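Grab a pencil and have a look at the model below. Then work through the exercises, checking each step as you go.

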Amino acid sequence: MPDLPDGADNLARAVALREVCKTRWGGRFVPAPATTSGHERLRCHSSEVCDLCAWLVQDVGYIFATLVAEERMEDGVTLTYVFQQDSSGSWLDVDVLLDPHERSVPSISPLVHAADWHEREVEDLFGLHFEGHPRLGEFVLHEDWPEGVNPMRRDFDPARALEHRDEQAAWAAPTIVTAPGAFAMPVGPVFSDFAESAQFLLETVGEDVIHTIPRFFYKYRGIEKIAEGQSTGRVLLIAERFSGTAAFAHGLGFCQAVEAILHCEVPRRARALRTLFAELERLRHHAAAITAICGSTALAVANSQAALIEEELLRLSGTVTGHRYLFGLVVPGGLARDLADEHRPLLQAAIGDAAGKLNALYDMLCVSSSFLDRLEEVGVVTAEKAMEYGLVGPVARASGSNRDMRARFPYAGYDTAKPMIPTEHEGDGYARLRVLFREAEQSAALIHAVLEALPDGAIATEPDRTRAGAALGTVEAPLGAAFHWVRLGESGLVERYRVTPPSFTNWHGFHLAAENFAFQDFPIILASFGLSNAECDR
Amino acid sequence: MAGWVIKGARTGIRSSAYPAGPETAIGVSPGMPGDTAVDSPSDAEGLASLCPTGAMTAHDVSVVVDRGRCVHCFRCAQDARMPAVAWDPGFEWATYTDAYQALHAAFSRSLHIRFVDAGACGACMSEARQVNNPYYNMHRLGFFITPTPRNADILLVAGPVSDAMRDPLRKTYAAMPPPKRVVAIGACAISGGVFGPSYASAAGVKDIIPVDVIVPGCPPPPLAILHGLLLVAGRKPPAPRSSLAARADGRPE
């Protein structure tokens, strides 16, 4: 990184950034005051966004995090490209203000591939055109959606019923295989077991699948739109429930954004307990993911063993927090319920027990050759591709990345209870399974560490709700980095809520793992990614 | 591979005593607010106003809970300024809709289930999956998952029915041979939950296809889903109605 000092403190970085803008770019970009969440900010004209973003990613070492589009009452659409720099733990927002009549922006995806799906989503929901994007068109909104209706626009009324187009409207898959006899075999959206709704078109010439075309957003519930104009209490219900298997993480992400806007200091005990509950959720989530992988290989006993551990962790969560999926626990300002003293020994014993059982299961799986044969070298994602697609979470960490929000941008109690980040390098199904096991072990260790040094005191403060503004809340959800961008208006109501869940980021790269494989490997590739459609589709 | 056989055998039987006996483990259900008698109409109004989804209605000096709307936010139970809500720690919440007709007794010990995710958050599906796991093991009770709607007797649906899932849901229902019964699991599938109705989702499964049994909860715990299935099979009675609810709407207990 030639221009900006690495690891410098925020003020020094802001000064350096200002200097670089002046010297390198001749004052073309204007540093704006930092955001509420402490992000550096650059403002640029839409015609220059490609130059700027490419420079940030290719030369300065920033990673694309998310794109937030917002239509304020008074002016046109604002696009905020959020970048993170893991080495320094800093953020940079690039703001592009469009005139009210401006409907077209240059696409940054040819240069910053991680932004690909973000631009497609904004095109669908806001009706903006991204010039130079290789593939726009039907994405979130399926073929029977009325033409020219963009639900995230201010003038769209979320309560009104839609007038659908002809429901039989033809939709043709954008196939790429042209060999004689090639066809695309649809799988989904309804599956034969308990599986989430999504469709996969497997392009095949007979036995081997050459290429997979995923089709998502069957579960689009428009949570970003229905959150607008609602109280934070109401939006919290939505934040927790749009992806119930990661409810605590997403609730926490939303609360952290609200707390940043309201300048609310969370008590120490609440911060420590947030870490504890987030790790309890991760442990249970990973046990479920391991169950699914064992199930996908039809290893029945291992599947049952992992399912037992999962249910025991669900019961433990139910016992100590009142809810098996930790609903209704996190609130802006802290937590709604405390960890009872009499539950501490129970928690300690049960976590130790679960970790021990997972270890025993791992030891057996590692010597089951028929199981390993199905995972090894299946669904490979290379380190380069993982980086290019900006993949996150266990999927990225199985491909050599050590990205983890808990370590790079500590929140809750992660500044003291530091997680060790396990990484693997093969990028195949087995590497992803090992990452899940090792992360589960780490979660158990973190829970023990928090319990040993649990501070006393209050579990919540009442935030001063008079402030307005926007902030980004970031968490490491069980599946990876999640970004919750919130704007609160003067009335205290939510004006814009933008969620970038890890499943959205990682489904983008799923096709990399689903190329040139045998039919029977498809469920295994799917399970080893372990992504959620509820989380992706929102 | 012999190791797995030994491991499985050593684990022994873990299945719940339910429905033959009571389930005694803790943490199997989050519980739900029950119909509550309070001291004054203003207390009733105050308690009911805590509910963000409109599941609680004040009737004179009582609060009546519409279980199909409760999303377990615990806000009614956590406000120290309000009278304590009567908490129901159980899970037998499933009940019939008006459309329900009893199945022939021949089905009572063999029912095949097709599952459709109509925009569920993942928690409902996770709980439905647990029903198939060793602790709950629905196979022992004669419930099976079938890979085709042509063999299905029960359509289990979770989620508020997102826009894009209306058609797949209708088609799945149409592909099932009669007699068929639809079970809606979770607050979203019953009432739209925190999502519907809106431009992107319906207010539950009943907007799209007829529903026979509802299983309240957010998500309904595995035993609640099991109760709903046993209800379809005619092997368990529906959730009882309290005298407070009967007095509030004039229908029998």
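**Exercise 1: a helix pair**

Work out which residues of helix 7 of chain A meet helix 14 of chain A, and how the two helices are arranged.

Step 1. Start with the contacts (heavy atoms within 4.5 Å). From helix 7 of chain A come Ala272(A), Thr275(A), Leu276(A), Glu279(A), Leu280(A), Arg282(A), Leu283(A), His286(A), Ala289(A), Ile290(A) and Ile293(A), and they meet Leu433(A), Leu436(A), Phe437(A), Glu439(A), Ala440(A), Ser443(A), Leu446(A), Ile447(A), Val450(A) and Leu451(A) of helix 14 of chain A.

Step 2. Sort the residues of this contact: 15 are nonpolar, three polar and three charged.

Step 3. Now the geometry. Helix 7 (residues 268–296) of chain A packs against helix 14 (residues 429–452) of chain A at about 155°, and their axes lie 9 Å apart. So the two helices are roughly antiparallel (that label takes angles over 145 degrees).

This is a predicted model, where local features need pLDDT of at least 70, side-chain atom pairs count only at pLDDT 80 or more, and totals for chains, interfaces and linings use all residues. Residues are numbered from 1 along each chain as written, chains are lettered from A and ligands numbered from 1 in written order, and side-chain values use heavy atoms, without hydrogens and water.

**Exercise 2: the cysteines**

How many disulfides does the structure hold over all chains?

Step 1. The count is zero; a disulfide needs two cysteine sulfur atoms within 2.5 Å.

Step 2. Check Cys44(A): its closest cysteine sulfur, in Cys53(A), is 6.7 Å away, so that's too far for a bond.

Step 3. Cys44(A) is buried, at 7% relative accessibility, and Cys53(A) is buried too, at 0% (buried means under 20% relative accessible area, with a 1.4 Å probe and protein chains only).

Notes:
Axes fitted to C-alpha atoms, helices over the stretch in contact; angles between N-to-C directions. Helix = DSSP H or I, 4+ residues; strand = E, 2+ residues; numbered from the N terminus. Parallel < 35°, antiparallel > 145°, perpendicular 65-115°, else oblique. Nonpolar A, V, L, I, M, F, W, Y, C, P; charged D, E, K, R; others polar. Buried < 20%, exposed > 50% of the residue type's maximum accessible area, 1.4 Å probe, protein only.
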